[in-house]
Amino acid sequence: MAEPATDTILVLNGPNLNMLGTREPDKYGHATLADVEALCRDTAATFALKADCRQSNREGELIDFIHEAHARKMKGIIINAGGYSHTSIALHDALLAVQIPTVEVHVTNIHARESFRHHSYTARAAFASLCGFGIEGYRLAIQGLAAKLGIKPNA
């Protein structure tokens, strides 16, 4: 049995997000995945939550992480599925199956980019979707998730 993590949110990053900071910095900025993870841990801590940050370039592993979040009774999921957002019915189905409040995040505004990026399967499984705020979108997503869960920031 997985160890419960009822004070934890899963921050899940998909393919190519390990390349943040060097991949197309004109679109994605210079912040690295480590910067994103630090921002998420710091923001979660303001709500007395822990952020379990994971990244994978493999769809099946991302699904396993979602299933693990359910088994460990995590409070919520922040997901940037990268390119899988636009193609993965399996990620969509995994998010629906676990019934954990989820916010989708994209660093860029996917609606101002190529037409194939305009549709997101993962957005349909989330209660909210943020795009175009750069890495600050992760902070906004955690704040929104906490509000949805009724969790106030620490005094």
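Me: In which helix is the place of tyrosine 28?
Reply: Tyrosine 28 sits in helix α1, which covers residues 25-28. The model is predicted.

Me: Why does tyrosine 28 count as buried?
Reply: Its relative accessibility is 9%. Buried means under 20%, so tyrosine 28 falls in that class.

Me: What makes the pairing of tyrosine 28 with arginine 23 a polar contact?
Reply: The two side chains come to 3.3 Å. The cut-off is a pair of N or O atoms within 3.5 Å, one able to donate a hydrogen and the other to accept it, and the pair is therefore counted as a polar contact.

Me: Which residues does UniProt place under the feature "active site"?
Reply: The unreviewed UniProt entry gives Tyr28 and His106.

Me: How do you know that they cluster in space?
Reply: They are spread over 79 residues of sequence, yet the largest C-alpha distance is 9.7 Å.

Me: Where does histidine 106 lie, and in which strand?
Reply: Histidine 106 belongs to strand β4, residues 102-106.

Me: Why is histidine 106 called buried?
Reply: Its relative accessible area is 5%. The limit is under 20%, so the label applies to histidine 106.

Me: What polar contacts does the side chain of histidine 106 make with glutamate 104 and serine 85?
Reply: The side chain of glutamate 104 is reached at 3.2 Å, and that of serine 85 at 3.4 Å. The limit is 3.5 Å, so both pairs are counted.

Me: Which residues does histidine 106 touch, not counting residues up to four places away in sequence?
Reply: Among them are Asn80, Gly82, Ser120, Leu130, Cys131 and Phe133.

Me: How many residues has the largest nonpolar core, and which have the most contacts inside it?
Reply: This core has 26 residues, and those with the most contacts inside it include Ile9, Val36, Ala51 and Tyr138. Elements giving two or more residues to the core include β1 (8-13), α2 (33-45) and β4. A second, separate core has 19 residues, including Leu12 and Val98.

Me: What is valine 36 in contact with, leaving aside its neighbours within four places in sequence?
Reply: Valine 36 contacts Asn13, Leu20, Ile135 and Tyr138.

Note on methods. Residues are numbered from 1 along each chain as its sequence is written. This is a predicted model: local features need pLDDT of at least 70, side-chain atom pairs count only at pLDDT 80 or more; totals for chains, interfaces and linings use all residues. Side-chain values use heavy atoms; hydrogens and water are left out. Helices (H or I, at least four residues) and strands (E, at least two) are DSSP runs, numbered from the N terminus. Buried means under 20% relative accessible area, exposed over 50%, partly exposed in between (1.4 Å probe, protein chains only). Contact means heavy atoms within 4.5 Å. A nonpolar core is a set of buried Ala, Val, Leu, Ile, Met, Phe, Trp, Tyr and Cys residues joined through side-chain atoms within 4.5 Å. UniProt positions are given in the numbering used here, feature names are shortened, and annotations may be inferred rather than shown by experiment.
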